[in-house]
Amino acid sequence: MQLYNKLSALERAELIEKAGKDRLTLSFYQYAKIENPQEFRDQLFIVWDQLDVLGRIYVATEGINGQLSLPADRFSEFKSHLDTIDFLKDIRLNIAVEQDNMSFLKLKVKVRNKIVADGLNDDTFDVTNKGVHVAADKFNELIEDENTVLVDMRNHYESEIGHFKNAITPDVDTFRESLDIIEDDLKDHKEDKNLVMYCTGGIRCEKASAYFKHKGFKNVFQLEGGIIEYTRQIKEDGLENKFIGKNFVFDERRAEKISDDVIACCHQCGAPADIHTNCANDACHLLFIQCDSCKEEMNNCCSNNCKEIHALPFEEQKALRKGQANSNDIFKKGRADHLPFKKDLRNIFETLKK
């Protein structure tokens, strides 16, 4: 019985191309008690592999976090399967704003300690005492209130290409880092301000809102369904879009365009740009923003050194990597000294400190 992906990304891409079917990209999450995550994981893989589901799904004792794609004509089957699972019945599925048949090229269902790496000890606070979920219309009203502090719960490389107007965008590499920064910088406003937060699909705010309420914040709100659901609602209901730029996503698409604004710049030359890429040198693979001109000039590499290595025959590149650990730059998501125009998002709440 197959319980793991056996095809390479290239082999899968060829199969998708040959099938000629449109695919849907979607995401969902649910906090729930799962007694045996490994058994649950295996059951999901068996069913979803048969449905030609591809994606990245995390399962833990605290629930499930899924980002995936599947053939559009098998969506009903997929939804019916979810409905057979008590805690997933009628769950909201965030359908991607922009579709791409190649958004995912492997099915990976992994058992993790947590479905989001928040670094929190859940036994120290009530994780069910969450903030108030608000839809797009109420969210728009709240963020125009002078007593509201709007906080982006995503990482720096996400908010750099797109965020809500007037949002605080902490310059952090991880979700866990942002929690302490936000608490410290807003400690004088726990009772007199509305703390409104948002993220991509809502999952990071689920835990963060409970954490901040535990820390003494009285008026805590979170955008229901995150940026993805917000975008759907403003289109369906004809509401004003207060998000500028692109929404970063963790699949092959890299981002969804929410507005036509380009708010970021090429990390190499400073020209307006908002397309993330990975350095073509496999020994580096740094994620950074690169414009078309620099992409052509640098052969999709982040530095001249990487460009020289990438130009070598494959076997020579492989020999250079032998015995070498991956560069730390892989995990820095654009934080590299040789990128002179990396936009600094150090928004340290100066207006609130005055």
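Modeller: Val 149, Leu 186, His 189, Lys 193, Asn 194, Leu 195 and Phe 217 line the largest cavity. A cavity is a set of points on a 1 Å grid over the protein atoms alone where a 1.4 Å probe fits but cannot get out, and lining residues have an atom within 4 Å of a point. This is a predicted model, where local features need pLDDT of at least 70, side-chain atom pairs count only at pLDDT 80 or more, and totals for chains, interfaces and linings use all residues. Residues are numbered from 1 along each chain as its sequence is written, and side-chain values use heavy atoms, with hydrogens and water left out.

Colleague: What volume does the largest cavity have?

Modeller: About 40 Å³, where a volume is the space filled by probe spheres set on the points, joined across faces, edges and corners.

Colleague: And how many cavities of 30 Å³ or more are there?

Modeller: The structure holds 1.

Colleague: Switching to the largest nonpolar core: which residues have the most contacts inside it?

Modeller: Phe 28, Trp 48, Ile 64, Leu 68 and Phe 78, in a core of 27 residues. A nonpolar core is a set of buried Ala, Val, Leu, Ile, Met, Phe, Trp, Tyr and Cys residues joined through side-chain atoms within 4.5 Å; buried means under 20% relative accessible area, with a 1.4 Å probe and protein chains only.

Colleague: Which element gives the most to this core?

Modeller: H2, with 4 residues. Helices (H or I, at least four residues) and strands (E, at least two) are DSSP runs, numbered from the N terminus.

Colleague: What does Trp 48 touch?

Modeller: Leaving out residues up to four places away in sequence, its partners include Phe 28, Val 53, Ile 57, His 81 and Leu 107. Contact means heavy atoms within 4.5 Å.

Colleague: What comes just after H8?

Modeller: Gly 238, which takes a positive phi of about 65 degrees.

Colleague: Last topic, the second largest pocket. Which residues lie nearest its centre?

Modeller: Tyr 29, Gln 30, Tyr 31, Lys 130 and Glu 206, out of 17 lining residues. A pocket is an open set with protein on both sides within 12 Å along at least five of seven lines. E1 gives the most to this pocket's lining, with 4 residues.

Key: Buried < 20%, exposed > 50% of the residue type's maximum accessible area, 1.4 Å probe, protein only.
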